[in-house]
Every structure is written in C-alpha cells, then in structure tokens.
Protein chains: 2
Amino acid sequence: MNLNKKLVVGIDIGGTNTEIGIVNEGGDILFKETISSRCTENFEEFIHILADKILEIIDNLGFKGMVNGIGLGAPNGNYYTGTVEFAPNLIWKGVLPFVAALKKASSLNVVMTNDANAAAFGEGVYGGAKGMKHYVVITLGTGLGSGIVCDGKLLYGHDGFAGELGHVIVQEEGGRKCGCGRYGCLETYVSAPGIVKTAIEFLNNLQDDSVLRNVSPTKMTSLDIAEAAQNNDKIAQMCFDFTAKKLAIALANLAAITSPEAIFLSGGLANSGNILFKPLINYYNQYVLAIFKGKTQILASQLKDNSTGLLGAAALAQYEL
Amino acid sequence: MNLNKKLVVGIDIGGTNTEIGIVNEGGDILFKETISSRCTENFEEFIHILADKILEIIDNLGFKGMVNGIGLGAPNGNYYTGTVEFAPNLIWKGVLPFVAALKKASSLNVVMTNDANAAAFGEGVYGGAKGMKHYVVITLGTGLGSGIVCDGKLLYGHDGFAGELGHVIVQEEGGRKCGCGRYGCLETYVSAPGIVKTAIEFLNNLQDDSVLRNVSPTKMTSLDIAEAAQNNDKIAQMCFDFTAKKLAIALANLAAITSPEAIFLSGGLANSGNILFKPLINYYNQYVLAIFKGKTQILASQLKDNSTGLLGAAALAQYEL
C-alpha cells in the first residue's frame with residue numbers, strides 16, 4: 001500500500017447513501033464509510049455532518065496534513081459552478097452549493113462533477129483508460145450517463161452539462177416516453193428499465209416460451225433478463241440483441257463526432273458480459289463509418305463496479321487538485 | 001488595412017480550383033489568386049507549381065519576411081499527419097503528404113486541416129464565434145461537414161477525423177443510401193443533393209401544384225427549391241420544413257453531447273435565410289433537452305460565403321503558427 005502525500009477523499013453522493021473513501025494515487029481505497037443521504041432534509045446540516053465525518057476519518061487514520069482535497073461525484077453536479085442543480089433523486093431541491101459549503105465546513109479543497117463524468121475520471125486515472133487522451137465512459141444504470149474525454153480533458157461544454165448521451169433522440173417517430181419529458185431518448189432503450197420495457201413488449205407481441213413469463217412485469221429486473229439470456233432464453237437474448245443494436249448505432253454516431261480511442265461501459269447492464277458485448281461489437285462494426293472502422297475499442301470498465309462512483313470522485317480530486 | 005507582421009497565406013484546395021490568399025490579422029484578404037487543381041496529375045509537380053506561385057505573390061507584393069506561414073484547408077485533410085487521405089474529389093489518389101511537401105518546396109511553416117474544421121477556425125478568428133470557446137460550424141454543401149470547437153480547441157479525436165456529423169445515422173430503418181456506403185446518414189437529407197432528393201420524393205408522392213414540376217429532376221438544384229419556397233410554393237416549403245426538422249434533431253443531439261454556445265451554418269443551403277432558419281430554430285427548441293433550452297444560438301456564418309475556405313485556412317495558420 002502506497003501511503004504517499006497524494007491521498008484524496010472521494011465522495012459519491014447517491015439518492016440513498018453517500019459513500020466516503022480515502023484513496024491513494026494507485027486507486028486503492030484505504031478506508032470507506034457510508035452515511036445516509038436522507039439523514040436530514042436540511043442541506044446545510046447534511047454538509048456539516050458530512051464534513052465532520054470526513055475530518056473524523058482523517059484524524060482517526062492519522063492522515064492529517066496528508067490529504068490533498070475532496071472530490072465529489074453527484075447527480076447533476078456541475079463542475080463549473082460547483083452546484084448540484086435540480087437532481088430528481090436527492091431530497092434537497094433546487095440549486096445546492098455543494099462545493100462552496102463543503103469547502104467552508106471542512107477547510108479542504110473541494111472539486112465536483114456529475115457521476116458519469118466522475119466515472120470517466122476514474123477510468124482514466126485508475127482504470128482501463130490510463131494513458132488515453134480520447135475516450136468515453138458510458139454508465140448503464142437506471143439511466144444512461146456518459147463522460148467524454150477529448151485530448152485529455154473532460155468535455156463539459158459551455159455550461160458544464162455536456163455529455164448527455166442518454167438524451168440523444170434515437171427514435172424520431174413513435175419513440176418511448178423519457179423521464180426528461182421527450183420521446184425516443186437513448187436511455188429509454190439502453191438502461192436497466194429500458195431493457196425491461198423491451199422484454200415486456202417482446203413478451204406481449206411474441207408467442208415464444210420464455211422463463212420471463214414467470215416473472216411479474218412490475219417486478220422484472222435487467223438481471224432477470226440477463227440470467228435468462230445466459231440460459232439461452234430466446235426472448236431474453238432478443239432483448240439484448242435489440243438493446244445492443246440501439247447502443248451500437250448511438251456509439252457509431254458518437255465515434256463519428258468525437259473519434260475516441262476506446263469506449264468503456266460500466267454499471268449493471270455492462271456486467272452482462274458477452275450477451276451484451278458480442279452483439280454490440282458486431283453491430284458497431286456494421287454501423288460505424290469506414291474511416292473509423294477498427295479504430296475504437298469497446299470495452300468493459302476496469303473499475304470495480306461497486307466502487308466506480310467513489311473512485312471516480314477520488315480521481316477527479318487526484319487530477320484537479 | 002492593417003499590414004502588421006501577422007500576415008498568413010490561406011490556401012483552399014478544391015476539386016477544381018485552388019485558391020491562394022494573403023490574409024491579415026483582421027481577416028482582410030489583401031490579395032487572392034486562383035490556380036487549377038487539375039493542372040497536373042503529378043502531385044509533386046502540383047506542389048512545386050503551388051509553392052512557386054505563393055513565393056511569387058509574396059515577392060511581388062513586397063511581403064517577404066512578413067508572412068508567418070501557410071494554412072491549408074483540404075477535403076479529408078488530417079491535422080495530425082499533415083496528409084490528405086483518399087479524397088474522392090481530388091485527381092491525386094491515396095495518401096498525399098501536403099504539409100511536408102509544401103513546407104519543403106516553400107521553406108515556410110505549413111499547417112493543414114479539413115475544410116469544415118478550417119471553416120470553424122475562420123468563424124472563430126474572423127467571424128461570429130470570436131471570443132467563443134465552445135461552438136460548432138456546420139458546412140452545408142454537396143455534403144454536410146462540421147467543425148467542433150470545445151474549450152477553445154478544435155475537436156480532432158484520436159485519429160484526426162472527428163467531427164463527421166454528416167455521417168451520423170439519423171434514419172435506422174429505410175434510410176437513404178449515402179456516398180459512404182451506409183444508409184440513413186444525416187447528409188443524405190441535409191445537404192444540397194439531399195433537399196433535391198426530398199423534393200423529388202414529395203413531387204412523386206403528392207398531388208399539389210408546384211413550380212418545381214417544371215424543372216427536370218436531373219437538373220434541379222437546391223437553389224431552385226429555395227427560390228420556389230421564397231415564392232410560397234407549398235411543396236418547396238415542405239422540403240425546407242422536412243430538412244429543418246432532420247437537422248434540428250441532429251443539432252439537439254449534438255448539443256446534448258457537446259453543449260456549445262452557438263452553432264453556425266455556412267454554405268449554400270445556409271444562405272436560404274428564414275425559409276431554413278425559422279423552422280430549424282422552432283424544431284430545435286421543440287427537440288432540445290430542457291437543461292439546454294435557450295442556451296445555444298443557431299446562427300448563420302458571419303464569413304463571406306465565397307471566402308469561407310480561404311479565410312478558414314488562413315485562420316488556422318493565424319491560430320497555430
């Protein structure tokens with residue numbers, strides 16, 4: 001274990017829990033603790049609880065003076081403004097000044113970005129994108145997030161919100177209703193709830209036997225579909241094929257725009273392995289423009305899935321502070 | 001006229017003609033001359049003719065020692081390698097070492113990029129994007145090109161070919177055949193030949209009167225359609241509405257990925273004015289994700305259309321050398 005001076009605190013703010021970790025330059029999580037993101041409805045109070053916990057951990061481990069700062073990953077976190085803006089899954093509403101408040105309460109440097117961007121930093125600093133200057137990380141969970149790195153820098157756009165690949169419209173006519181209020185967004189097809197919707201549609205429209213017919217539609221998860229597909233269930237495999245095709249076209253289009261060296265997939269669906277990656281890579285090669293063929297690798301994230309958010313936030317601090 | 005030390009040579013390599021211009025820091029073209037791009041099938045010989053012409057112009061104008069270098073804009077020009085790769089409209093085939101050869105023949109610094117990227121430099125240095133760090137320039141001609149500027153730098157991707165917005169697939173099923181060999185690319189709908197195809201389809205499928213029925217389908221141009229639309233021809237206006245909608249969705253998707261401050265349109269179709277921009281901006285506002293609403297201006301290029309390529313190449317040299 002490499003206890004150098006470049007320790008950072010990585011914090012992953014989730015709707016339910018907030019993870020706090022002390023991470024070294026090599027990406028080892030030296031210590032990890034979880035607090036509830038719902039322990040108080042008062043945002044200022046939450047920041048004080050969080051800051052006290054961070055300082056307590058640093059003190060207890062004898063790391064005082066060795067910590068370079070804090071990296072925060074949060075839904076709708078804006079790197080430019082240091083605020084979280086209208087995050088639907090957090091109990092505090094409106095525009096939350098996370099960076100300024102935590103800086104004041106902890107007397108440490110603080111930097112923040114959204115969770116998908118943090119995942120991109122994590123992949124670049126500790127994962128499979130080490131040494132790459134042009135790559136993309138796609139997070140497949142309840143939604144589809146993306147962090148795009150161009151020429152070694154995260155693409156934030158002029159307002160800090162660039163990289164919303166999940167909200168690229170992929171179905172102009174008759175697209176699925178999205179949580180954003182529009183229709184046909186990529187994440188309505190390619191996400192955990194997206195593949196469940198696909199399965200329900202296929203089960204309704206097709207006559208084939210399927211173990212998924214034994215699962216209540218309201219309780220079906222993407223994991224049920226993945227397990228069925230791995231056991232050669234035809235409808236479940238069709239769901240992955242359909243999902244892979246939608247994602248492949250979106251990635252081929254993204255490659256035409258940003259021409260990355262690699263695209264990493266992380267999150268639940270990405271753990272499905274070959275049942276997703278095999279059709280995805282086949283369709284990608286079929287749809288990508290000739291000059292980009294064979295240039296972009298499509299890979300699974302090399303960060304441990306249950307620590308992506310925390311390591312990403314730590315990597316942001318490692319990179320920026 | 002500002003004859004400062006920062007004079008550059010801008011060169012726009014086209015399939016038919018090559019334009020050579022001496023440009024000052026303010027974007028004034030002090031002198032311009034055209035040579036044929038088809039004067040010799042020998043690439044090395046062409047470079048020597050070009051270099052001699054450049055040096056002759058500099059000498060004749062008394063600008064010796066005042067020229068900072070040469071900027072080249074060329075179809076399929078690669079900024080990283082300094083080569084033009086497999087450009088279908090040039091008479092020299094394969095990989096052409098434009099930068100190295102012209103550097104040697106002229107003893108001047110040379111830098112090159114493709115024509116759409118050059119247009120983006122031109123807009124940033126001399127046009128409407130002055131002072132902007134995040135913007136996109138779309139060139140609408142025989143094809144659809146794009147130059148994307150993020151954080152003040154052109155987005156080249158890891159191989160130098162990023163920014164191929166014209167080859168984003170916008171129609172998954174039943175899309176039009178594209179010159180690239182695939183189906184449903186944006187430029188099959190949004191380009192001069194694209195809108196002509198749309199007009200021919202509408203004329204075949206609809207019964208409405210139209211002045212376009214008097215034009216031979218093989219001779220119809222986008223200008224015919226623009227003129228008819230300006231004279232309230234219903235089918236011609238439907239063509240612009242259809243084209244605007246396809247482009248609007250593509251731009252809304254691009255905004256979700258790169259979040260630019262402005263998107264500039266240049267080239268023939270962009271000169272159609274309100275018959276394109278009015279439905280384009282309406283559809284864009286309808287399709288763009290809520291967090292980006294009202295943040296990205298959609299504007300006409302502020303470079304004179306017949307000098308976009310030359311000014312873009314000059315701006316590249318101005319910026320890089």
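Helices, of at least four residues, and strands, of at least two, are DSSP runs, numbered from the N terminus. In these terms, B:Asn76 lies in the loop between β4 (67-73) and β5 (84-85) of chain B. The structure described here is a predicted model. For the complex, the predictor gives an ipTM of 0.92 and a pTM of 0.93. Chain A has a mean pLDDT of 94, and 98% of its residues reach 70 or more.

Two residues were examined for their backbone angles. Most residues other than glycine have a negative phi. In B:Asn76, which is not a glycine, phi is positive, near 60°. The relative accessibility of B:Asn76 is 30%, and B:Asn76 therefore counts as partly exposed. A positive phi, of about 55°, is also found in A:Asp151, again not a glycine. A:Asp151 is placed in the loop between β9 and β10 (153-154) of chain A. With a relative accessibility of 29%, A:Asp151 counts as partly exposed.

Helix α3 of chain A covers residues 115-125, and nine of its eleven residues are buried, so the helix is largely enclosed by the rest of the structure. The buried residues are A:Ala116, A:Asn117, A:Ala118, A:Ala119, A:Ala120, A:Phe121, A:Gly122, A:Glu123 and A:Gly124. At the start of this helix, the backbone nitrogen of A:Ala116 has a side-chain oxygen of A:Asn114 within 3.0 Å.

Two loop residues, one from each chain, were also described. A:Thr40 sits in the loop between β3 (29-36) and α1 (43-60) of chain A. Its relative accessible area is 9%, which is under 20%, so A:Thr40 is buried. A polar atom of the A:Thr40 side chain lies 2.9 Å from the backbone nitrogen of A:Asn42. Apart from neighbours within four places in sequence, the residues in contact with A:Thr40 are A:Glu45, A:Phe46, A:Ile49, A:Ile91 and A:Trp92.

B:Gln302 belongs to the loop between β12 (297-300) and α8 (308-320) of chain B. Its relative accessibility is 56%, which is over 50%, so B:Gln302 counts as exposed. Neighbours within four places in sequence aside, B:Gln302 is in contact with B:Glu123, B:Gly127 and B:Gly128. B:Gln302 and B:Glu123 are 179 residues apart along the chain, while their C-alpha atoms are separated by 7.0 Å.

Side chains of opposite charge can pair when their charged atoms come close. Over all chains, the count is 20 salt bridges. One of them joins the side chains of A:Glu19 and A:Lys32, at 3.7 Å from N to O. A:Glu19 lies in strand β2 (residues 17-23) and A:Lys32 in strand β3 of chain A, so this pair ties together parts that are 13 residues apart in sequence. A:Glu19 is buried, with a relative accessible area of 16%, whereas A:Lys32 counts as partly exposed at 35% relative accessibility. In chain A, a network of salt bridges links A:Glu33, A:Lys53 and A:Glu56.

Between them, chain A and chain B bury about 3,400 Å², with 60% of this on carbon and sulfur atoms. The residues of chain A that lose the most area to chain B are A:His158, A:Glu172 and A:Ile257, together 21% of what that side buries. Each chain contributes 40 residues to the contact.

Between chain A and chain B there are 22 residue pairs in polar contact, both residues being at pLDDT 80 or more. In chain A, β9 (144-150) and α6 (234-258) each supply at least two residues of the side that touches chain B. α6(A) gives the largest share of this side, eight residues. The residues on this side of chain A comprise 21 nonpolar, eight polar and eleven charged.

Eight salt bridges are counted between chain A and chain B. Among them, B:Lys246 pairs with A:Glu172 at 3.3 Å, N to O. A second bridge is formed by A:Lys245 and B:Glu173, whose closest N and O atoms are 4.0 Å apart. This pair runs from helix α6 of chain A, where A:Lys245 lies, to the loop between β10 (153-154) and α4 (192-205) of chain B, which holds B:Glu173. B:Glu173 is exposed, with a relative accessible area of 55%. A:Lys295 counts as partly exposed at 29% relative accessibility, while B:Asp159, at 11%, counts as buried.

Notes:
Residues are numbered from 1 along each chain as its sequence is written. Chains are lettered from A and ligands numbered from 1 in the order in which they are written. Side-chain values use heavy atoms; hydrogens and water are left out. Buried means under 20% relative accessible area, exposed over 50%, partly exposed in between (1.4 Å probe, protein chains only). A polar contact is a pair of N or O atoms within 3.5 Å; within protein, one must be able to donate a hydrogen and the other to accept it, and residues adjacent in sequence count only if both atoms are side-chain atoms. Contact means heavy atoms within 4.5 Å. Buried area is the accessible area (1.4 Å probe) that two parts lose on being put together, summed over both. Ala, Val, Leu, Ile, Met, Phe, Trp, Tyr, Cys and Pro count as nonpolar, Asp, Glu, Lys and Arg as charged, and the others, Gly among them, as polar. pLDDT is the predictor's confidence in each residue, from 0 to 100.
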